[in-house]
Amino acid sequence: MAVEPTGTLPLLDEQNIVASRQMVRALCQDIKLSLVDQTKMITAASELSRNTLIHGGGGRMRWEFAERNGRRGLVLHFEDEGPGIADIALALTDGWTSGSGMGLGLPGSKRLVNEFEISSAPGAGTRVSITKWK
Amino acid sequence: MDRIPILRMGDTLLVTIQVDMQDQTALTLQDDLANRIATTGASGVMIDISALEIVDSFVGRMLTSISGIARILSATTVVVGMQPAVAITLVELGLSLEGVQTALNVERGMELLRRARQENVLGR
């Protein structure tokens with residue numbers, strides 16, 4: 001599957017979570033990530049897509065490719081204009097949950113990728129960016 | 001919405017998950033399995049996930065709750081065929097699938113269920 005170098009996918013319903021997993025699989029294959037790294041990146045994307053939908057009230061996933069020291073990487077951004085997170089350190093703690101889940105989404109995804117950035121404030125939405133290097 | 005079929009083989013219920021499930025599909029499977037265990041009196045449930053390329057925390061939680069529900073309804077659950085990359089990812093994600101019995105493949109899963117049934121007959 002040929003993929004666009006940059007793009008955006010809406011995260012507005014459950015079907016979009018499935019679509020984001022499929023898109024991320026194609027993107028991972030484009031930079032020839034190993035099977036284990038692909039699996040980790042798709043799983044992280046699945047967790048973060050669900051967060052965007054459930055906690056952020058919907059949003060989008062943007063993607064781009066990166067290059068550093070001759071290595072290719074895949075960068076994914078998950079963005080919403082939802083209520084935001086007041087205490088980011090707490091949200092990154094294993095097992096802390098705002099409700100329905102198990103509290104693994106943010107800390108778990110962080111462990112699955114090479115780089116993880118989060119910016120959020122109450123009322124200002126949330127953006128999580130993850131990178132996996134080849 | 002997709003619905004995952006549940007096959008009955010003797011007193012075992014067999015589920016093969018072959019599609020990338022929406023969250024709602026996973027929840028429906030959980031309810032369907034609970035009902036089928038109750039109506040058939042099945043003593044074992046085998047869930048084949050060999051076709052699944054990822055298991056995230058939502059599906060992981062579904063597998064854990066199915067095992068719990070089945071146990072309360074007096075059935076043993078075994079999850080078979082997990083791909084190595086999925087196992088590696090699950091552990092790193094922080095999901096240990098506590099309380100879920102697993103087997104490498106269908107054959108070993110069947111053996112595990114057969115032994116569980118015998119122990120049951122002998123009154124444990």
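Predicted model: local features only at pLDDT ≥ 70, side-chain atom pairs only at ≥ 80, totals over all residues.
**Asn16(A)**

I started with the neighbours of Asn16(A): leaving aside residues up to four places away in sequence, Asn16(A) touches Pro10(A) and Leu11(A).

Next I checked where Asn16(A) sits, and found it in helix 1 of chain A, which runs over residues 14-30.

Buried or exposed, I wondered about Asn16(A)? I got 15% relative accessibility, so Asn16(A) goes down as buried, the cut-off being under 20%.

A polar atom of the Asn16(A) side chain lies 2.8 Å from the backbone nitrogen of Leu12(A).

**Chain A against chain B**

I moved on to the interface. Chain A brings 24 residues to the contact and chain B brings 20 residues.

How many salt bridges cross between chain A and chain B? I noted six. One I looked up is Arg21(A) with Asp20(B), where the closest N and O atoms are 2.5 Å apart.

Which helices of chain A supply at least two residues each to the side that touches chain B? I listed helix 1, helix 2 (35-54) and helix 4 (105-112). Helix 2 of chain A gives the most to that side, with nine residues.

Last entry: I sorted the residues on the side of chain A that touches chain B, and they come out as eight nonpolar, nine polar and seven charged.

Technical notes: Residues numbered from 1 in each chain as written. Chains lettered and ligands numbered in written order. Heavy atoms only, no water. Helix = DSSP H or I, 4+ residues; strand = E, 2+ residues; numbered from the N terminus. Buried < 20%, exposed > 50% of the residue type's maximum accessible area, 1.4 Å probe, protein only. Polar contact = N/O pair within 3.5 Å; in protein donor to acceptor, adjacent residues only side chain to side chain. Contact = heavy atoms within 4.5 Å. Salt bridge = Lys/Arg side-chain N within 4 Å of Asp/Glu carboxyl O. Nonpolar A, V, L, I, M, F, W, Y, C, P; charged D, E, K, R; others polar.
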